[in-house]
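Please consult the sequence and the coordinates alongside the text.

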Amino acid sequence: MADQWPNRRLPTIPDLLPDELLYSWIGRLVTANALHARKDTIEWLFGDRYAIPCIDLQGHLTHLCQVLGTDAPLRSPNAFIETSTLYPYHRPFLSPSRDEAVVRILKEGGAKGLKTIMGRVANRFGATPPLQICARCAVEDMASLGETYWRRTHHLPGVSCCAKHGIALTIQARQALVTDRQKFILPVGGVAPVQRDVGQLERRFARLANEVLLAKLPPVDPWQRRSAYFHALEARGWCRARGGRIDFPALSRELKQHYEDFQWTVHRERLLAGDSSTMAWLRTLLSRPRVSVHPICHLLLIGYLFNSIAAFALAIRDDSDEFSDRSVVAIYPNADDAKKGFGSDPGLAIRDVSLSCRALATMLHRSVTTIVTWRRAAGVPIAERRKWLTPEKVRAVVRALVAGKRHKSIAQSHHVSISTVSRIHKAYFNQAKHEPMLLEKERVRRRRHWMNVTSRMSKGGVNAVRNRAGATYAWLYRHDREWLRSQTQVLRCVPKRRPRVDWATREAGLLVRLEIEFKHLATASSRRRITTTRLVAGLGGDNVRVHLRQMPRLKARLAEMSESVEAFQQYRIDNAVDRLTYQGKSCDLWRVQRAAGIKVWTAMLRRYAQEVIEHRPPSQARMNHRRCRYH
Ligand SMILES: [Zn+2]
C-alpha cells in the first residue's frame, strides 16, 4: 500500500532552500500537501512504518529518491547527503572505510547505530541536537520567503549562536521530548531574539564548525590526520621536550587558557573531564587516533593549531598527494558573495576553471585580486605571474603563520614582502573583515568588567580579582597584556595591612575559657585523661597551639592542668572505690582492681589502692580532696 500512497501526484513540491535540512524540507512537503496519515506518510517516504525522522542525518535516501521521482529537489542520494544533511561536517574526522559504511547506512538503512560509528555518542555530548533557529535569520526569511525553515548551520553540535548574525540561537523544540516522534516539527517565525551576550570564542567556534560543513572535505586516514596535528604541534614547539613526546599536561593547560576555560560552552564539564592534569579527549585524539572522538574535540584542536579549516585542509594535503586529487574546497572570506547567482553551492563558480578570474570578478562585482585570493584558498590552479611565489614558498609561509610567528620576521626569513604575508594570511586563515571591530568591542567589554571587579575587590590584591574574573583575566592576558599589566601593577601597590594581634588580650580571654574548659572536662561523669591536646582542642586547636610561644601564661597553665598517666590511674582507683562504697559492696583489692579497669598493675599502684581502701574518708571529702589536687 505504501508505494501507491498518497495515490495521486502531490500538488505542491517546495524548493529545497539554501542550507535547509532534509528534515525541514520533508516537514514542509508534508504540511503543504496536508499528508495527515502519519504512519502511512512515513512508510511511503522511508519504506518503514516505524522509522523515526532524523533531524541532522536522515537515512532511507535511496527509497526517498525512488518514491519522489522527478519531484525530488535533488537527483541522487549522494546529493541529498552533501546538501541537506550534516554528514559533510563529520566526514573529515572519519576513516575512508567508515565513510563507506556510513554512506551505505544513510542510503539504505534506518540510520540505526549510525551516530555511534561516527563518534557522535562519544564523550557524551548528546546525539540529537535540539531544533533551534536564529531570530534574525527567521525575520529575513519571513520577509523574503514568507516562511522560515531549519538550517543545517544552526544544528551543528556544540554551536549555540548564528555564525552570520552572531546572536544566540533560540531552542524551539527537542525531538526527544515530543510524544509523537514521527511528527515533523516546523519552526515558528517572528520569535524574539535570546537576550544573551555571545562571546568571541563562541562565535569563532560557530564559524569553524560552519567552515567544516561547507568545505566538503573527504574522509581522512586517522594516522594522516594525526601526523598533521603533530606537525602543527611541532611547529609550535610542543614536541621538543621529553624526547619529542608531547607534554600533555602543559598542552592541556595551554588549550584551557586559549579557550578561557571553556566557560562559553555548555559542554564545559565534559571537555574538562579526565585526570587532574590532562583532558581525556586530548590524549585520545593524539595517542589513539583510531578511537572515535567527537568532532567538537577535533574542531577545538584545529581552531587552536590552524585557526581555519582552509589551513587544516592544506596541512593534510601536505601530508598526502592522494588527498590533493580529491576536491578540496576551502572557504572564502565571504561565502555569501560567492553565492550570488550560483544556487546553493557557493564554491561552484570559484571551482569552475572554464571561467577566467577576470570574468568571475565582473560577475561577482569583486576585484580580480579578491577572486584570485579566493581561488588560491580553494586550491584552484591559477596561472602564477610572479614566478618567485611558488606553492612551496606559500606553504612555508603558511606553516610559519600556523606556528604563530610575526609577519615581519616571516617576511624577512622567506624573502617576501610583508603585504604578501598578509595576503596569504587573509587567504588561508579566513579572518572575517569585521573581526578587528569585534575584537575592539570585546576589549572594551572585558576592560570594563575587569575595572568593575577591581573596584569591588581591590583590597584582596590581584589574586582576589583574578579568582573572581578568571575568564576575563585569561582573555586580557591573551589580547591586551600591556593594559592588564599596568592595571595589576597598580593593584599590587595597595599596601597589605594586616591587623596586629594584641596577644595579651587574647591570652587573657583564652585563660578564662581554659578554666571553663577544664572544669567541663574534670567534672564529666566518666571522663578521659585531661591532656594538653584535649584542653587546646576546646580552645580552637592548632590556631592556639602554633601561637603558644606568644602566650607564655597560657602555656604554663596548660602544663599545670594536664594530667600525668599515673595521676589519671590514681583517679580511676579513687573512682572505683567510690563506686563500690556507694553500691554497698566490700572493697577488696581484687574487686577494686577489676572496677578500675587498669591493664597493668605496678607495685606502686597496688600500694596506692591498698592505702585508699584502708584509709578511705567519707566519699564527699575525698571528692573535694581530688579536685584540689589539680589546682
Ligand atoms: Zn542568523
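Rings of Phe, Tyr and Trp (its six-membered ring) form a pair if their centres lie within 6.5 Å; planes under 30 degrees apart are called stacked, over 60 edge-to-face, and the rest tilted. By this rule there are nine aromatic pairs. The model is predicted: local features require pLDDT of at least 70 and side-chain atom pairs pLDDT 80 or more, whereas totals for chains, interfaces and linings use all residues. Residues are numbered from 1 along each chain as its sequence is written, and side-chain values use heavy atoms, without hydrogens and water.

The ring centres of Y473 and Y477 lie 6.2 Å apart with planes at 20°, so this pair is stacked. The charged end of R481 sits over the ring of Y477, 4.0 Å from its centre (the criterion is NZ of Lys or CZ of Arg within 6 Å of the ring centre and within 35 degrees of the ring normal).

The zinc ion has as protein donors C134 (SG), C137 (SG), C162 (SG) and H165 (ND1), at 2.1 to 2.3 Å; donors are N, O and S atoms within 2.8 Å of the metal (3.2 Å for Na, K and Ca), and water is not among the atoms, so sites may look incomplete. The donor residues follow the spacing C-x2-C-x24-C-x2-H.

Y259 and F262 are both buried, that is, under 20% relative accessible area, with exposed over 50% and partly exposed in between (1.4 Å probe, protein chains only). F205, Y259, F262 and W264 form one aromatic cluster.
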